[in-house]
Amino acid sequence: MFENVVEDANVVSIPPEGIDPDALARSLPAPMVFVDLETTGGNALEDRITEIGVVEVGPHGIEQWSTLLDPAEPIPPFIQKLTGITNEMVRGQPSFDTLAQGLAERLHGKLFVAHNARFDYGFLKNEFRRAGIGFQADVLCTVRLSRLLFPSAARHGLDALIARFGLAPQGRHRALADADLLWQFWQKLHTLYTPDLIGQAVQRVTKRSSQPPQLPDEAIDALPASPGVYLFYGEGDTLLYVGKSVDVRARVRSHFSSDHQVAKDLRISQEIRRVEVRRTVGELGALLLESQLVKQLQPVHNRMLRRSASLYSWQLTQESDTPQLVSAKTVDFSGAESLYGTFSSRNGAESALRALADEHRLCCAQLGLEKVAKGRPCFGYQVKRCDGVCVGAAPLSEHTQRMREALATLRLETWPYDGPIAIQEHGDNDVEYHVIDRWQYLGSVASRDALDALVDNMPAATGFDPDIYRLLGRRLAALRAAQSTAPAPLTVLHLTRPAFRLSQVERPDAAPRKPRSVALLRRRQPRPEDPDQLRLPFDVR
């Protein structure tokens, strides 16, 4: 863990007077801007900025800049009291639009540092967007940095940093004064830790802004911060990737904030052209829809959840001492008893069974994984990993019991209902019904009427889906257990497939006789019957 690194030789002891701020600024590997804002409220979409304070540090040294802004809306009284910025002070000050281009140039290419940076960065991005300017920056939050470097500290707010490190505020809740406190905090860190350790910490908590240039700046901001499935499309509308999240906007943004670390995200960032979102009521709906879309659409960069051409499981009946490998093509995995594990290949199934054998000292010959003559030892017995059931040195019944206990962790549960079910999932204001039958997802609808229509036209369950089993197995078990205790967040509705219906069909009117074609009329008429033509060659007259 990182906090363990903090306690080693990376800790330094430098008296505060030993830090030269100008030398520290010029020694930085990349320029930084310590930023603080004062605003009319906490909503970056609706409220406006009243003051900006910036401390620039880098090879050029240290430069401070601040300005009041006219927010074009009243400042609430409690904010006037908190900041000391009144409506009279901002009246006649420049609007953000008039300063936007110069401010964008000032911030461009520098590490954006702020306390609770999501607040300040979000406000600036929205103000720049209203001014018609795309703004992106790598963002370092000093709250997160403080938590990483001082994990035992209870609080990490700006007031807590002032008290803990003896920072000298020039004022509080004014933009430039608070930005200067962040610069003081940065200097204080260099009296406690080596530059290498601080650099590692910064690398850990910095949010990299590398939104693909092919996407409009507002493309990600316009995504919903709610559950759903997102689809990335590339050149020629090729589907690149399907993902899901309870917060689509944050998850999509994370793909591109970490694309310098994850090879797959880097490839997607280079190829993406547009993003599509399909909303769901909750997390379960997103999980089910993601699984369905990956199987149906086969995105380029999805490796999990793809449909396997083959599916295997180990079957061990009560009468048998050796498991048999069975295929989903011949055995119904949703209803068959004594199945253990699901595997996309024979090799995968045998590897899993061999791993269990090694862990539990089982005999690979008795498991059918090795072919040896009767009475001859298996390889495991020769290297002391088998108790010797293969040579009669251990009882078969004991081996079978240990084998069943080992396989129990892989046991597949049969479909626990008499027919299909609908899982009712509630969102904030909506509801969704997910229809499942025999561990297969058949679709989701948003109303009872639509559910009735889906039931009337319900497709047949065509096969066991191991991904749906993994998604729902434990959830459904928990729901069945909760029915007798407390209400569950999900509700199971039992459905019945419609029976075959016979409906009376009116007989069609007698169709007029089709006239014979001219070709038939012209066909040569048969000659009158000649008795000689019927005589057999061996007839005797």
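Two strands pair if DSSP finds at least two bridges between them. I wrote that down before opening the sheet.

**Setting up**

I am working on a predicted model, where local features need pLDDT of at least 70, side-chain atom pairs count only at pLDDT 80 or more, and totals for chains, interfaces and linings use all residues. Residues are numbered from 1 along each chain as its sequence is written, and side-chain values use heavy atoms, leaving out hydrogens and water.

**Whole chain**

I looked up the secondary structure of the protein chain and found 20 helices and 15 strands. Both are DSSP runs numbered from the N terminus: helices are H or I with at least four residues, strands are E with at least two. Of the 541 residues, 45% are buried (under 20% relative accessible area; exposed is over 50%, partly exposed in between, with a 1.4 Å probe and protein chains only). I also checked contacts (heavy atoms within 4.5 Å). Among those with a separation of 6 or more, 64% join residues 24 or more positions apart.

I found three strands in an open sheet, ordered 10-9-11, with antiparallel pairing. Strand 10 (324–327) and strand 11 (339–343) are the edges, each pairing on one side only. From one strand to the next, the twist averages 30°.

Next I traced strand 9 (residues 312–315), which three bridges join to strand 11. Gln315 stands opposite Leu339 in strand 11. Trp314 has Tyr340 of strand 11 as its bridge partner.

Is strand 11 enclosed or open? Five of its five residues are buried, so strand 11 is largely enclosed by the rest of the structure.

What lies across the sheet strands? Helix 15 (residues 346–360) lies across strand 9, strand 10 and strand 11, and runs at about 40° to strand 9. Axes here are lines fitted to C-alpha atoms, for helices over the stretch in contact, and angles run from 0 to 180 degrees between N-to-C directions.

**Two helices**

I then took helix 7 (residues 142–149) and helix 10 (residues 195–205): their axes come within 10 Å and cross at roughly 125°. That makes helix 7 oblique to helix 10 (under 35 degrees is roughly parallel, over 145 roughly antiparallel, 65 to 115 roughly perpendicular, the rest oblique).

Which residues meet? Arg144, Leu145, Leu148 and Leu149 in helix 7 meet Leu197, Ala201, Val202, Arg204 and Val205 in helix 10. By class, I note seven nonpolar, no polar and two charged residues in this contact. Ala, Val, Leu, Ile, Met, Phe, Trp, Tyr, Cys and Pro count as nonpolar, Asp, Glu, Lys and Arg as charged, and the others, Gly among them, as polar.
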